[in-house]
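Subject: Structure for your files

Hello,

Here is the structure I said I would pass on.

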Amino acid sequence: MLTRTAIAAALVAAGIAAIPSSAYAATARYTPERVCGPGFHRVKDGHRAMKTQGGAVFGHVYLMYSKRSGKNCVAAIKTAYRGIRSVTGAYLEVRGGGTSQDVQKYRYYAETGHLDGSWKCVRYSGWTRDPDGRVEAWGGRQSWGNCQG
């Protein structure tokens, strides 16, 4: 008990508190649920890593769905080059219902608009690049899926 108290006092004296680093806080702030908004949840078979041709993971792309609204959303969240502007994109296509795409130089994530997808098949993707635009990481599903509402 005394040892824990001494360690805690030493950490406080050194200016090291049990507060998450700003990098962790920024990452935790950008979950797919927060990016797409209230009522959206991750769907089965709705997550892919965004990988380079060499297999490096630069982030993750998530297909989200809201039962209440019947809408889909895609969030492409960076894990590499977080906080640095680089081309990042998200794409959603609903069979017979249109497409939504968002591509810009973002620091943390890209998000599609919310498209009606109740009982319609969808496909999705996300991608990001290094800040110089030389290396691209891509993830998603090119086949139709999640057709059950």
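Predicted model: local features only at pLDDT ≥ 70, side-chain atom pairs only at ≥ 80, totals over all residues.

Overall layout

The protein chain has 149 residues, and 37% of them are buried. Its secondary structure amounts to 3 helices and 9 strands. Among contacts in the chain with a separation of 6 or more, 54% are between residues 24 or more positions apart. The chain exposes about 8,700 Å², with carbon and sulfur atoms supplying 53% of that area.

Disulfides

There are 2 disulfides in the structure. Counting bonded cysteines along the chain, the pattern is 1-2, 3-4. In general terms, a disulfide is a covalent bond between the sulfur atoms of two cysteines.

Cysteine 36 is buried at a relative accessible area of 3%, and cysteine 73 is buried at 0%.

The other disulfide is between cysteine 121 and cysteine 147, whose sulfur atoms are 2.0 Å apart. Cysteine 121 sits in the loop between strand E7 (115-116) and strand E8 (122-129), while cysteine 147 is in the segment after strand E9 (136-145), so the bond ties together parts 26 residues apart in sequence. The link of cysteine 121 and cysteine 147 has 115° about the S-S bond and is right-handed. Are its two cysteines buried or partly exposed? Cysteine 121 has 13% relative accessibility and counts as buried. Cysteine 147, at 23%, is partly exposed; the cut-off for buried is under 20%.

As background, nonpolar side chains in soluble globular proteins tend to be buried together. The largest nonpolar core here holds 16 residues, of which Val61, Leu63, Val74 and Leu92 touch the most other members. Strand E2 (57-66), E3, E4 and E8 are the elements that give two or more residues to this core. Beyond its neighbours within four places in sequence, valine 61 contacts residues including Met50, Val74, Ala75, Tyr124 and Gly139. Another core, of 9 residues, lies apart from the largest one and has Cys36, Phe40, Tyr62 and Ala75 among its members.

Threonine 88

Threonine 88 is part of strand E4 (residues 86-94). Threonine 88 is buried, at 0% relative accessibility. A polar atom of the threonine 88 side chain lies 3.1 Å from the backbone oxygen of serine 86. Residues up to four places away in sequence aside, threonine 88 touches several others, among them Ala76, Asp102, Gln104, Tyr109 and Trp127.

Aromatic pairs

A pair of aromatic rings is described by the distance of the centres and the angle of the planes. Across the whole structure there are 3 aromatic pairs. In one of them, tyrosine 30 and tyrosine 108 have ring centres 4.6 Å apart and planes at 20°, so the pair is stacked. This pair links distant parts of the chain, 78 residues apart: tyrosine 30 is in the loop between helix H2 (22-29) and H3, and tyrosine 108 in the loop between strand E5 (98-106) and strand E6 (109-111). Tyrosine 30 is buried at 19% relative accessibility, whereas tyrosine 108 is partly exposed at 23%.

Phenylalanine 58 and tyrosine 81 make an edge-to-face pair, with 5.5 Å from centre to centre and 80° between the planes. Here too distant parts of the chain are linked, with phenylalanine 58 in strand E2 and tyrosine 81 in the loop between E3 and E4, 23 residues apart. Phenylalanine 58 is buried at 9% relative accessibility, and tyrosine 81 is partly exposed at 33%.

Finally, Tyr30, Tyr108 and Tyr109 belong to one aromatic cluster. Tyr109 is also on the list of residues that threonine 88 touches.

Regards

Methods:
Residues numbered from 1 in each chain as written. Heavy atoms only, no water. Disulfide = S-S within 2.5 Å. Buried < 20%, exposed > 50% of the residue type's maximum accessible area, 1.4 Å probe, protein only. Helix = DSSP H or I, 4+ residues; strand = E, 2+ residues; numbered from the N terminus. Polar contact = N/O pair within 3.5 Å; in protein donor to acceptor, adjacent residues only side chain to side chain. Contact = heavy atoms within 4.5 Å. Areas by Shrake-Rupley, 256 points an atom, 1.4 Å probe, with all protein chains shown as cover. Core = buried A, V, L, I, M, F, W, Y, C linked by side-chain atoms within 4.5 Å. Phe/Tyr/Trp six-rings, centres within 6.5 Å; stacked < 30°, edge-to-face > 60°.
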